[in-house]
Amino acid sequence: MKTHNIYVYILLSGLVSYLIRVLPLTLINKPIQNKFLRSFLYYVPYATLAVMTFPAIIEATKSPVSGFCALATGVFFALQGRNLPFVATACCLTVLLLETIL
C-alpha cells in the first residue's frame, strides 16, 4: 500500500513542476513592461544560487572559519575579474592552508 502512495507523490510533484514551467509560457504572451518586476525576475536565479551554495561553502570544511575565509578569498578575486579556475584554486588553497594550520 505504501508503494502506491510513493507513485502518487512522484506523479503529483512532477505535475506541479511541469505546471510551474508551462503556465508562464502559456499565460504571458507579451513582454513584461513593469521595470520592478523585470529586475526582480532578473535577479531570482542569482539569489537562488546564493541561497543554495552559501551554507554549503561554510559547512563543507572542518571549521566554518576556513570556509568563510575561502568565501572571502573567492569574492575578492572574483571582484578583481579573475577567471573561475583561478578563483576556485585560490579558494581550495585557502581551505588547505587554514585546515593544516587550525
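Let me start with a definition: rings of Phe, Tyr and Trp, taking the six-membered ring of Trp, pair if their centres lie within 6.5 Å. By this rule, the chain you see above has five aromatic pairs. One of them is formed by tyrosine 42 and tyrosine 43, with 5.0 Å from centre to centre and 85° between the planes. Planes over 60 degrees apart count as edge-to-face, so this pair is edge-to-face.

Before I go on, please keep in mind that this is a predicted model. The mean pLDDT of the protein chain is 90, and 97% of its residues reach 70 or more. Which element has the lowest mean pLDDT, and which the highest? Helix 1, residues 2–27, has the lowest, at 86, and helix 4, residues 84–101, has the highest, at 95.

Tyr42, Tyr43 and Tyr46 are linked into a cluster by ring pairs. Is tyrosine 42 buried, exposed or partly exposed? Its relative accessibility is 49%, so tyrosine 42 counts as partly exposed. There is also a ring with a charge over it: the charged end of arginine 82 sits over the ring of phenylalanine 86, 4.5 Å from the centre of that ring.

Now helix 2, which covers residues 35–59 and contains proline 55. Proline 55 has a relative accessibility of 37%, so this residue counts as partly exposed. Between proline 55 and serine 13 there are 26 Å in space, C-alpha to C-alpha, and the two are 42 residues apart in sequence.

How does helix 2 pack with helix 3? Helix 3 is residues 64–79, and the two helices pack at an angle of about 130° with their axes 6 Å apart. Helix 2 and helix 3 are therefore oblique to each other. On the helix 2 side of this meeting are Phe54, Ile57 and Ile58; on the helix 3 side are Pro64, Gly67, Phe68 and Leu71.

Take leucine 71, in helix 3. Not counting residues up to four places away in sequence, leucine 71 touches Phe54, Ile57 and Ile58.

What is threonine 73 in contact with, leaving aside its neighbours within four places in sequence? The answer is Ala90 and Thr94.

Last, leucine 96, which is found in helix 4. Is leucine 96 buried or exposed? The relative accessible area of leucine 96 is 52%, and exposed means over 50%, so this leucine is exposed. Leucine 96 and serine 66 are 30 residues apart along the chain, and their C-alpha atoms are separated by 8.5 Å.

Key:
Residues numbered from 1 in each chain as written. Predicted model: local features only at pLDDT ≥ 70, side-chain atom pairs only at ≥ 80, totals over all residues. Heavy atoms only, no water. Phe/Tyr/Trp six-rings, centres within 6.5 Å; stacked < 30°, edge-to-face > 60°. Buried < 20%, exposed > 50% of the residue type's maximum accessible area, 1.4 Å probe, protein only. Lys NZ or Arg CZ within 6 Å of the ring centre and 35° of its normal. Helix = DSSP H or I, 4+ residues; strand = E, 2+ residues; numbered from the N terminus. pLDDT = per-residue confidence, 0-100. Axes fitted to C-alpha atoms, helices over the stretch in contact; angles between N-to-C directions. Parallel < 35°, antiparallel > 145°, perpendicular 65-115°, else oblique. Contact = heavy atoms within 4.5 Å.
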